[in-house]
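Please read the following report with the sequence and the model side by side.

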Amino acid sequence: MSTQRSVQSVKLVLLGEAAVGKSSLVLRFVSNDFQENKEPTIGAAFLTQRCSLGNNKTIKFEIWDTAGQERFASLAPMYYRNAQAALVVYDITKPNSFIKARHWVKELKEQASQGIIIALIGNKVDILEEDESLRKVSLEEGENLAKEEELLFFETSAKTSFNVNDVFLAIGNKIPNNDQIGNGNNNLGNNERNNGNRVELNIKNDSPQSNNCNC
Amino acid sequence: MSLFNTLRQKASSISLFDNTKPQNQPKKLTKDELFREEFRLPESESIVDEINTEVLIVSQEDTSSDKEHSNIVYSGKLYLTHHYLIFRDSFDNKSCVFIANLSTIKKVERIPSKSYIFALSILTHNNLKVLIQFIGIRSKSEQFSHNLKLQLKSNIPNTKKLQPFLDTLYSEFLIKKNSTTDPEKKNEIKLPEGGLGLIYKFPGDLRKLKDKSKLRLWFDYLRRYGRNLSISRQKMFFKLLRVGLPSRLRGEMWELTTGAMYLRFENLSVYHKILEDNEGKQSVAIEEIEKDLNRSLPEYPAYQTEEGINRLRRVLTAYSWKNPDVGYCQAMNIVAAALLIFQTEEQAFWTLSIICERYVPGYYSKTMYGTLLDQKVFESLVEKTMPILWSHIAKNDIQLSVVSLPWFLSLFLNSMPLVFAFRIIDIFFLHGPKTLFQVALAILRINGEELLEIDDDGTFISILKDYFNQLDDSAHPTSSDPKFRSLTKFQELLIVAFKEFSNITDDLITKERNKHRPSIMSNVESFIKKSQIRNLPRCKHLKPEHLSNIYDRFYECISLNNITLGIGSSTMTFDTFREFLSGFCDWVLHDDEYNYNENENDFLHRLFRNWDRQKQGELTLTDVVEGLDNFYNDDLLEAISNFFQIYDENNSEEVDRETILQISEGLLYLTKRLQDGLILDKLTQESIENYIADQIISKKKQTGSDDKINLPSEVEINKELFQREQGERYLSSASNFIGRAFEYAQPVEDVQLIDLGNSKDQKTLKANAALDPNHPLTLNLPTFRMVVLADETYELLFTSTLLSQIHLDRETKVTNKSGVLRDMFDGLIADGRRVANQVRRRMDSTANNENQSTKSEKSKLNSINDAEEEEEEDEFDMNKDYITDELLNNAELQVNDISDSHPIPKDDKLIERMNDLTLNNTEAHSENLIEFEH
């Protein structure tokens with residue numbers, strides 16, 4: 001473990017109401033990019049990104065970004081099955097999206113794999129820069145839910161990239177090491193083969209914000 | 001929450017609908033349904049007449065090209081519906097299919113010919129001449145032409161709709177424009193409204209797509225074989241469609257091949273009416289649509305403009321109003337945005353309707369069951385056609401639908417470059433759902449070798465992503481044959497899809513869908529149930545299994561009530577609520593067993609209002625669960641105050657005179673079954689046990705101490721006596737209640753006027769005021785509580801009697817109207833152990849008092865109970881054979897036999913006296929009541 005750099009694959013799923021910015025968070029994290037009008041995700045989108053943590057550990061996130069509309073909820077189990085981490089996202093300007101987030105947390109606790117690491121994300125804090133009164137879910141409410149359910153908690157902005165990488169770092173740090181928990185994937189085999197394929201995902205990642213996440 | 005409700009409702013109504021048919025058995029379509037499906041006709045069409053004919057179609061516009069398109073006579077069948085005349089060749093059903101709306105028929109002539117031949121000549125608006133020679137019996141031919149005449153006649157009012165409709169069609173414009181040579185006239189011909197592509201350019205390189213030459217070919221075809229509402233589809237038609245439609249004509253051809261054109265012609269101006277009627281209205285669907293408007297094919301320039309966004313908004317909104325069961329589903333925005341590039345709003349609206357309702361039913365529904373079902377079907381087709389790939393996928397635990405679901409849901413529009421997706425859609429509209437499966441299977445087949453190398457979903461997806469981005473590349477770049485080299489990957493895809501997978505037929509798809517439907521439905525149902533129960537508010541008293549039963553009954557009740565009305569809702573009205581409660585609560589009486597009128601139903605109405613927190617006049621599942629959770633409460637004080645709240649509707653913490661009377665009515669209502677002796681409460685139960693014990697003791701005394709007493713068989717119970725006794729006790733409690741309530745209620749008075757010093761006077765004053773029917777008075781919660789607690793029977797009502805009549809652990813079927821009331825005697829006195837304990841206790845005390853105890857006697861009695869001695873009060877050893885059953889059975893059996901020979905128990909006199917008392921009380925009370933009513 002000491003000298004060899006280990007790469008660990010982590011399956012991460014994003015859940016949350018429609019248009020709270022799930023795909024934008026992923027786009028920011030993976031490509032350090034932002035699009036004002038992102039097409040809604042149909043079913044789910046799949047992306048990967050590597051993230052190097054301090055202790056010689058690199059994590060390859062296999063990110064499943066899901067559709068947010070309520071009726072797609074019956075498809076969600078297909079995507080969060082075997083996930084080791086989940087981001088439950090809400091929009092701090094939309095109280096309903098917070099209620100929905102609460103439901104997702106409950107569902108994950110009940111249905112997803114044991115020990116799944118869940119981060120609660122209040123997105124779109126950039127909107128507050130225009131007008132503080134647009135906030136409809138207080139920081140405390142988010143914190144309380146996180147405390148109650150033992151979740152990681154962040155408020156983020158995919159637009160300004162505020163806190164985005166920190167979310168993934170925090171999850172990466174909470175993921176138990178490969179050798180501690182066998183997660184069924186023969187990760188080393190995977191990674192060697194995939195190295196070639198996926199370089200392009202990281203090409204743009206030379207901006208200062210993503211200095212923690214390069215390979 | 002509300003969305004989930006409707007979702008659940010949808011799922012349950014679908015499966016209920018399915019349950020009415022034997023499962024796994026395909027629903028047989030009627031002849032008319034099949035016919036409509038084949039020719040994409042509106043629901044309103046049905047076959048009026050049909051006959052064998054030979055048909056020759058010639059164009060009077062196109063006289064030049066006869067060399068190329070030789071005039072072939074086709075034999076086949078001619079059908080007449082209310083608004084259409086349809087011919088289909090009997091050779092292969094696609095060599096010549098002629099579909100004409102009756103409005104397009106300008107002239108019908110009998111062709112003069114030899115006497116044994118019967119022939120007609122029909123001329124259409126687009127100068128198509130259809131010569132029809134009837135085959136078969138003369139009279140049948142006569143009849144057909146007579147029917148045709150009748151239909152044409154009744155269709156006359158529709159004919160004036162034709163010309164304005166034709167003016168909206170690009171095909172008419174195309175023919176007109178290219179048929180005149182006069183440049184001035186040419187300029188007069190106005191281009192009809194069309195898709196956004198006319199303004200913002202059509203996607204793709206039109207030159208590369210050879211749009212112009214395609215349009216030229218279509219021009220020839222449409223002139224020669226007709227167009228829009230009267231067209232003959234011949235081999236060339238299909239060929240031209242397969243090479244891709246020219247952009248300008250695409251919108252109309254989509255409309256034609258889906259049958260949306262027929263719908264639009266039938267429902268002129270309906271689209272605009274829907275928009276008008278619903279202007280300014282809000283809905284969940286509209287909120288959801290708004291979220292997605294700016295993100296529907298955002299790379300297409302029109303969707304960065306107001307104009308484009310507005311068209312999309314109107315089409316999606318109108319559809320959400322047309323079909324509220326679907327409302328709006330993500331992916332519909334992409335489909336509609338694609339349609340609008342080529343079609344007008346109205347065209348896109350009807351095409352979208354047909355896609356949602358006929359082509360991919362259930363894809364966009366609130367449960368998306370159609371999507372899930374077709375994924376299952378797709379998986380099973382992959383397994384059948386590519387077993388090696390399938391076993392690889394299965395072995396590596398790759399979820400195929402993760403990859404394929406978006407293909408189906410967005411009709412490949414967000415999977416591959418638009419120009420290719422449009423071409424798949426051209427064919428999809430022509431051939432229906434099997435096309436999606438054929439293309440999807442071909443994608444896997446072509447990439448099969450590469451896919452066999454990988455072992456995770458991620459790589460699986462990225463291989464296919466790469467493939468979609470290379471569709472324009474050569475499929476065989478290294479081939480020496482230039483023809484081969486020029487074949488693109490997309491062309492290869494179509495060849496594989498429609499050649500190699502030509503065995504994927506509509507029938508096969510239908511069969512597979514029918515096979516997997518039941519399991520998908522039940523999965524959807526149980527998923528929704530789970531999430532809905534999970535999202536209910538936390539319950540203090542209800543257990544999970546209670547929630548499950550409540551959920552089942554809730555939806556069973558509303559589905560039953562709504563299916564007949566054909567409305568999908570997720571809330572219950574009062575009548576449904578009553579039905580719902582009757583499954584769990586013994587005290588909910590049915591019309592036939594209760595002389596019910598508004599007043600008597602007062603309690604249930606109040607309960608309904610009490611649970612209806614949003615004050616909507618309807619209850620949601622959450623309301624019902626919260627209400628029941630509150631009601632299902634064994635804490636005496638809470639139960640009493642909850643009950644009081646049902647009557648204290650404005651939360652003033654006090655109720656008036658009228659309401660006090662209603663409370664007592666309510667209490668009478670709740671205890672009706674107890675009054676009738678159908679259910680026995682704890683007090684009666686105890687007195688029965690005492691009675692049995694008494695009997696045993698006295699028996700023992702009579703027969704002498706040494707005789708072993710056969711405890712059960714020799715005790716008989718006068719059932720009616722106990723029932724009557726209980727009934728009277730309840731009536732007396734009711735009358736006591738009202739008496740006390742009025743006695744202790746506070747008159748509403750002017751406080752200042754009271755002389756506080758003179759307390760005696762004040763008391764009498766109060767009492768008098770309370771009895772004065774004209775003087776308003778109020779009863780507050782503490783007083784109500786005191787009045788209830790003053791009566792043992794009512795106190796018990798709130799701690800246990802009421803609760804024991806609610807059976808939430810019972811799975812109920814709506815069909816079994818009320819909870820089955822067993823003969824409560826069987827159930828309630830079943831506790832033989834307690835009786836035995838009683839007997840023992842008494843025997844002991846008798847023994848002590850009379851100094852009569854002998855060990856043998858004791859041991860004999862104990863022999864009945866010795867087993868129980870080591871047990872805790874509340875414990876049973878399930879394996880032990882308690883004698884209770886036998887005890888009771890015997891007791892029952894002997895009631896009749898022995899009752900005569902045994903003296904009435906001495907308690908009887910007491911009961912008689914009690915009766916008198918009760919009667920007096922009620923009499924006195926009823927006088928009061930009369931007074932009050934005056």
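What share of the residues of chain A count as buried? Of the 215 residues of chain A, 48% count as buried, where a residue is buried if 20 or more other C-beta atoms, placed from the backbone, lie within 10 Å of its own, exposed if 12 or fewer do, and partly exposed in between. This is a predicted model, in which local features need pLDDT of at least 70 and side-chain atom pairs count only at pLDDT 80 or more, while totals for chains, interfaces and linings use all residues. Residues are numbered from 1 along each chain as its sequence is written, and chains are lettered from A and ligands numbered from 1 in the order in which they are written.

Chain A has seven helices and six strands, and along its sequence they follow the pattern β-α-β-β-α-β-α-β-α-α-β-α-α. Helices (H or I, at least four residues) and strands (E, at least two) are DSSP runs, numbered from the N terminus. Two residues are in contact if their C-beta atoms, placed from the backbone, lie within 7 Å; among contacts in chain A between residues at least 6 apart in sequence, 73% join residues at least 24 apart.

The contact between the two chains involves 29 residues from chain A and 33 residues from chain B. On the side of chain A that touches chain B, at least two residues each come from strand S2 (44–52), helix H2 (76–80), helix H3 (95–111) and helix H7 (187–197) of chain A, and the largest share, four residues, comes from H3(A).

Strands of a sheet pair through backbone hydrogen bonds, either parallel or antiparallel.

| Strands (chain B) | Sense | Bridges |
|---|---|---|
| S5 (residues 105–110) and S6 (residues 119–124) | antiparallel | five bridges |
| S6 and S7 (residues 128–134) | antiparallel | five bridges |
| S11 and S12 (residues 777–780) | antiparallel | two bridges |

Within these pairs, Lys107(B) stands opposite Leu123(B) in S6(B), Leu120(B) stands opposite Ile132(B) in S7(B), and Gln746(B) stands opposite Thr778(B) in S12(B). S6(B) and S7(B) form a hairpin with three residues between them, and Asn127(B) in the turn has a positive phi of about 60 degrees.

An open sheet of three strands in chain B has the order S10-S12-S11, with antiparallel pairing. Strand S10 (654–656) and strand S11 (746–747) of chain B stand at its edges, each with a single partner strand, so one side of each is left without a neighbour in the sheet.

Note on methods
Two strands pair if DSSP finds at least two bridges between them.
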